[in-house]
Each structure stands twice: as C-alpha cells, then as structure tokens.
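Trainee: I am new to this structure. Could you take me through some of its side chains and strands?

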Amino acid sequence: MSVKTDFAKTFIENPYSFFKQTHDIHPVQWINFFNSDGWLVTGYKEVEAVLKDKRYIKEIRNLVPEEGMPPVPATLMPVVQLTRNMMLFRDAPNHTRLRGLVNKAFTPKMTERLRPTIIEMSNYLLDAKKGVNEHELIRDFAYSLPVMVITELIGVPKEDRERFRIWSDSFVKFIDFNTTQADLEEVAPYLEEADQYMRKLIVAKRVKPGDDLLSGLIAVSDAGDKLNENELVATCLLLLIAGHETTVNLITNGYHLLLTHRGEMEKLIADPSLIENAVEEILRYDPPVLLTSRWVGEDMELGGKQLKKAQVAMLALGAANRDPAVNKDPDVFNVSRENVKHLSFASGPHFCLGAPLARLEAVVALETLLKRVHNAELLEEPVRRNNIVFRGFEAMKFRGEVR
C-alpha cells in the first residue's frame, strides 16, 4: 500500500481514530497493515507485555535461515548491514553489550549536567528571532536544538551539523512500515554517505581525541573486542540520527498541542511547575514514535490470541497510550493529568536510552518558548510528514513576539 492511498493519508492525519476502532474490536488483532500481514497490538497491557518479554525479538535472522529470507538487492546491502549493527535492531547478548557501552552518557544524572547548555542553546536560537514576528518552528528552533545538543555530546564538528538533516530523513524513511522499494533505492545513497562520514570522523578522532562520547567509544574499541568498527559506526549514527529525530517531533508535537489547546497553554504559563508533567502528557497524547515491532520467537498466547513463531507483532505505542483501561478520558489533552502512563519510550530491554535527554530537551524547549514568545498563534495548520512510524510535521509556521 503506497503512502499516497486514501487510507494512508487518513491514517497519517489521525491515526488515533483507526487505533480506537481496532482496539474496540480486540487489542490483539491479525490484520493487513500497510501491505504487511501481522498482529496489530493496541492494548496497553498487551503492548507492555510484548516489550518486556524476551521471547519477542528484533532479529528475524535468529528465527529464519538466511536462505529463507527475501533476497536483499546488492544496492541496498550496505545500508541493511549498517542497520543490522545498530543496537535498536539487535537482541541480547549483542544488544546488552552495545547498550552498556553508551548507557553511562545518558543516565539522568549525566543528562542533568547538560541543562545549563540546553538553556543557553535555546535562548541563543530565540535571540536570533528578535524583531521577527513570523517563524518556522522546526527550521528555526525544534530541529536545531536537538542537533546542537547531540552533536556536542557525541563530538561532531559544528560545521557538519546541517548535513544530518537529509541523513535523518533518509533513515526514518528506510525503516518506515510503509516504505516502497523505490523509497529504499532513493535514500540508500544518503545513508551510505552518512556511514562514510562517520568512518572519516573516527579516523580524525583517533589522531586527535576529544572529551566526547565518540572518542570514548573509540578508546573502548581500540582496547579490546567489545566494539568492532562497524558497530562503532552504526552506534554513533543511531544516536545522532534517531536520537535527534524523535526529540524534534516531541518538541514540535508539544508546541502544536499547546497552540491548539489554549486553555492548557494558559495553565502552563500560570503554573510553570507543571512543565514536566505536561511533557509526559504530550508523550502520551501525541508521541514522536507511533509504532514499533517484534518478531514472535516461539508459539505463544497474547490477549487470548494464538501467535505463531516468526509472525510479526506490530506494537501501536500511540494506541496503548490512549487505552481507557490505564488513562481516564484518554482522548483529552490535559497537562495537569495525574499519574500519566505511556509507552512512548517503549519498555523492557529496549527502553529508550535517550529518554532522560529527550525529556530534558523538551522541558527546556517548551519552557523557553512559553516564556519568551508572546501572543503565539499558528499561521496555518501544519502538514504531517508522510511517515507511519514517526509522527511529526514537515514544517510549522506561527507568529509571535520574541522577547
């Protein structure tokens, strides 16, 4: 099914209506979803169970022999190999090993040290918009802030930051549920370019290491067998591309919700102490990632349905977040909601490594926008990106006085 079909267009504009209809029938349902037959899981309890159960896996190669898999075109093999080395698509013990090598850089304690830097960056970006009343949120702010933060943390030169935009767009298209062969062929060269860039940067860091995550990982790699060169490249590209991509969507979705729910925005302006809770509600109500997936590792039961080995389970995080069994009035956006429950950072072994950093960036970004942009309002309803997995906007134009 192409993204140009009516269903795809309707789904991208409002996936929650489809999720609700599906969930009302059954929280675990066998369907054809964007040309893929599999189990669509929409219930909070069921999604969380899959995320925490190690019998559901990421690597289909561990279930099906290579010769039983559809052949990969030679033009795509370099990019397929790149993604296979990313911890996001690996299972234990390799996932555990790779995650352990970078985990210390993303703990809440280490992340909190970045707060002054993130505040400074946020204000720097808005200072550039003083005297201008019309803005484009993603270009002027929501894209730039996470890129500045993650490139600084990993050790990418400032002059190379803009190069990650097209690489990021290519990555999210490559792993989308609705990607066509033509899409894959189109974006593969950009991801190969990203791979080559990272290899050259590693060479430069070996000659002149810095006080950054990449230099630290190189030292670990060179000291033993914990991290090979391909894993090093894949790990850093995953952190750079996927890490900032989701945060851009979180900030943009959040500010859009506030601009379209004026009462909730006024609550935050009147009581800034609600900001952290508001970010959790944004994550619940309109998350940056709608879907993830697992392969069924063995015959088993889920929600009263019998799942078979090597079938796919498509986990609707956005649907689980609106399950009325865990969140009362789930279709109401409420920044003062008590006990917000969501699975937007997943759960279990693959719980999002960058969750503390994403939360901090969103808190600081929205705090700064609310404090410094006065009389903000949308100029037009923004267009959603043509992506099934990642939920964000192409651009978001608004007006407001920056003080």
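The questions below go from aromatic rings to one lysine and then to a sheet.

Mentor: This is a predicted model, in which local features need pLDDT of at least 70, side-chain atom pairs count only at pLDDT 80 or more, and totals for chains, interfaces and linings use all residues. Residues are numbered from 1 along each chain as its sequence is written, and side-chain values use heavy atoms, with hydrogens and water left out.

Trainee: How many aromatic pairs are there?

Mentor: Rings of Phe, Tyr and Trp (its six-membered ring) pair if their centres lie within 6.5 Å; planes under 30 degrees apart are stacked, over 60 edge-to-face, and the rest tilted. By this rule the number of aromatic pairs is 18.

Trainee: Which kind of aromatic pair do F7 and F18 form?

Mentor: F7 is in helix α1 (residues 6–13) and F18 in helix α2 (residues 15–25), 11 residues apart; helices (H or I, at least four residues) and strands (E, at least two) are DSSP runs, numbered from the N terminus. The ring centres of F7 and F18 are 5.2 Å apart and the planes make an angle of 70°. The pair is therefore edge-to-face.

Trainee: Is F18 buried or exposed?

Mentor: Buried means under 20% relative accessible area, exposed over 50%, and partly exposed in between (1.4 Å probe, protein chains only). F7, at 30%, counts as partly exposed. F18 has a relative accessible area of 18%, so F18 is buried.

Trainee: Which residue joins K129 by a polar contact between side chains?

Mentor: K129 is in the loop between α7 (115–127) and β4 (134–136), and is buried at 16% relative accessible area. A polar contact is a pair of N or O atoms within 3.5 Å; within protein, one must be able to donate a hydrogen and the other to accept it, and residues adjacent in sequence count only if both atoms are side-chain atoms. At 3.4 Å, the side-chain partner of K129 is D140.
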